[in-house]
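I opened this one to look through its packing, charge pairs, helices and pockets. These are my notes, in the order I looked things up.

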Amino acid sequence: MTHFGDHQTAIYAQGMFLGQTPAITTDLAGLEARAAEVLEPAALGYVVPSAGGGSTARANVAAFERWRIVPRMLRDHARRDLATTVLGTSMAAPVLLGPVGVQTLAHPDGELASARAATALGLTYVHSTQASHSLEEAAGASGDGSRWYQLYWPSDPELCESFLDRAHRGGYTHLVVTVDTTLLGWRPADLDRGYLPFLAGEGIANYTSDPVFTRRLERPASEDPGAAGLAFASVFPHPGLSWDRLAWLRERWAGPIVLKGIQHVDDARLARDHGMDGIVVSNHGGRQVDGAVASLDVLPAIAEAVGSDLCVLFDSGVRSGPDVLKALALGAEAVLLGRPYLYGLALGGQAGVEHVLRSLLAELDLTLAGAGWSSLADLGPQCVVRA
């Protein structure tokens with residue numbers, strides 16, 4: 001039986017016998033610094049910083065440090081299996097490639113490289129509404145892999161229906177509705193540059209490839225990207241969204257619906273009461289509200305409150321295999337990875353994304369084994385203590 005941790009053995013063998021070392025660091029905490037060396041300043045300013053002074057992003061990372069794993073000894077873990085099923089989707093490990101927009105800022109292949117990498121490792125790719133490649137292009141790159149679609153709910157109902165229809169026809173099985181970004185947060189790194197890629201026609205491929213949206217344009221987006229960007233700006237902000245609108249969405253999407261951006265127990269209960277299938281406990285990686293609570297700090301109470309009524313997923317601050325294990329132990333069924341795989345994309349395209357994912361999964365597998373467990377089912381609050 002092969003394990004993700006076997007990737008470590010392969011690295012050592014290549015180094016000792018062939019003199020080959022990894023082109024990209026295996027220190028996942030060091031990825032950001034390496035990516036900063038290759039990203040253009042505007043791209044770096046968009047990808048890395050967060051809202052305001054960045055306190056929420058820092059809190060996300062610090063929250064993981066406050067939880068410590070409690071290893072157990074002499075427990076048979078010779079055979080381990082990270083495979084799981086989340087809301088009917090089978091995946092090789094409890095890690096999804098979370099929705100990240102404008103991925104061509106990191107590499108020309110953008111979302112296509114990420115989708116291919118996810119399929120290569122048996123993981124689920126989540127396609128962002130703000131992608132640089134269309135739903136159809138990403139579906140083609142994903143091939144026979146599992147894929148979900150993340151919706152930024154536009155203010156134009158006809159456009160929203162078109163997005164949903166295209167996602168369904170493209171083989172996207174689950175809908176991830178981001179509810180914490182009805183307006184952009186205050187992001188000084190972008191503001192100081194006066195930089196918003198969408199207004200230049202970047203990251204709006206799902207819009208410019210949509211027949212409903214293109215009716216708004218006097219000329220094709222390729223001829224006038226600025227006008228396309230302004231047309232996007234007329235449908236993206238949607239601060240009027242409310243819980244009672246979910247019934248409209250439920251009527252138009254037959255598959256599972258997950259709300260991304262839940263930070264409060266009462267909102268988790270409301271998601272359940274409004275017929276949602278799951279939630280992502282998330283603060284958008286700190287990109288929306290500065291000074292907000294760390295996602296990991298609210299995960300245990302939310303998971304306990306909804307029990308088995310909702311699938312509870314997690315993102316915000318995940319940087320390593322131990323981070324994944326801690327989130328699973330505290331109540332998440334799986335995590336959505338964000339910035340780390342984008343750094344891999346910047347450093348090596350599809351191969352870079354695969355390297356980051358293999359390293360993360362190897363570290364998760366070896367951490368699971370080193371702590372004395374052999375199955376995801378073993379994980380629970382008893383596996384960690386708060387420092």
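**Ground rules.** I take helices (H or I, at least four residues) and strands (E, at least two) as DSSP runs, numbered from the N terminus. This is a predicted model, so I kept to its limits: local features need pLDDT of at least 70, side-chain atom pairs count only at pLDDT 80 or more, and totals for chains, interfaces and linings use all residues. Residues are numbered from 1 along each chain as its sequence is written, and side-chain values use heavy atoms, with hydrogens and water left out.

Entry 1: I looked up His284 in the loop between β9 (278-281) and α14 (295-306). His284 has a positive phi of about 65° although it is not a glycine. I use "buried" for under 20% relative accessible area, "exposed" for over 50% and "partly exposed" for in between (1.4 Å probe, protein chains only). His284 is at 12% relative accessibility, so it counts as buried.

Val102 turned up next, in the loop between β4 and α5. Its phi is positive too, near 50°, and Val102 is not a glycine either. The relative accessible area of Val102 is 2%, which makes it buried.

**Entry 2: helices α5 and α1.** The expected span of a helix is 1.5 Å times one less than its number of residues. Helix α5 (residues 110-121) has twelve residues and should span 16 Å; I find its end C-alpha atoms 18 Å apart, which agrees. Helix α1 (residues 6-18), with 13 residues, reaches 17 Å from first C-alpha to last, close to the expected 18 Å.

How many of the twelve residues of α5 are buried? Nine are, so I put α5 down as mostly covered. Among the buried ones are Gly110, Glu111, Leu112 and Leu121. I then checked what covers them, counting a contact as heavy atoms within 4.5 Å. The cover includes β4 (95-97), β5 (124-127), α6 and α16.

**Entry 3: nonpolar cores.** A nonpolar core here is a set of buried Ala, Val, Leu, Ile, Met, Phe, Trp, Tyr and Cys residues joined through side-chain atoms within 4.5 Å.

Which members of the largest core touch the most other members? Out of 107 residues, they are Leu249, Ile279 and Phe314. Helix α16 (residues 339-370) gives the largest share of this core, twelve residues. I followed up Ile279: leaving out residues up to four places away in sequence, its contacts include Val258, Leu259, Ile262, Ala268, Ile302 and Leu313. There is also a second, separate core of twelve residues, with Met91, Leu96, Val176 and Cys311 among them.

**Entry 4: salt bridges.** My cut-off is a side-chain nitrogen of Lys or Arg within 4 Å of a carboxyl oxygen of Asp or Glu. I get 18 salt bridges in the structure.

Arg166 shows up in two of my look-ups. It meets Glu136 at 2.8 Å, N to O. Glu136 is in helix α6 (residues 135-142) and Arg166 in helix α7 (residues 157-169), so this pair ties together parts 30 residues apart in sequence. Is each end buried or exposed? Glu136 is partly exposed at 38% relative accessibility, while Arg166 is buried at 4%.

Arg166 also pairs with Asp210, with the closest N and O atoms 3.0 Å apart. Asp210 sits in the loop between α9 (205-208) and α10 (211-214), 44 residues from Arg166. Both Asp210 and Arg166 are buried.

Glu354 and Arg358 make a salt bridge as well, at 3.4 Å between the closest N and O atoms. They are four residues apart in helix α16, so about one helical turn separates them. Glu354 is buried at 16% relative accessible area, and Arg358 is partly exposed at 34%.

**Entry 5: largest pocket.** I ran a 1 Å grid over the protein atoms alone; a pocket is an open set of points where a 1.4 Å probe fits, with protein on both sides within 12 Å along at least five of seven lines, and lining residues have an atom within 4 Å of a point. Grid points are joined across faces, edges and corners, and the volume is the space filled by probe spheres set on the points.

The largest pocket comes out at about 390 Å³. It is lined by 22 residues, of which Val179, Asp180, Gly261, Ile262 and Asp267 are the closest to its centre. Strand β8 (residues 257-262) supplies the largest share of that lining, three residues.
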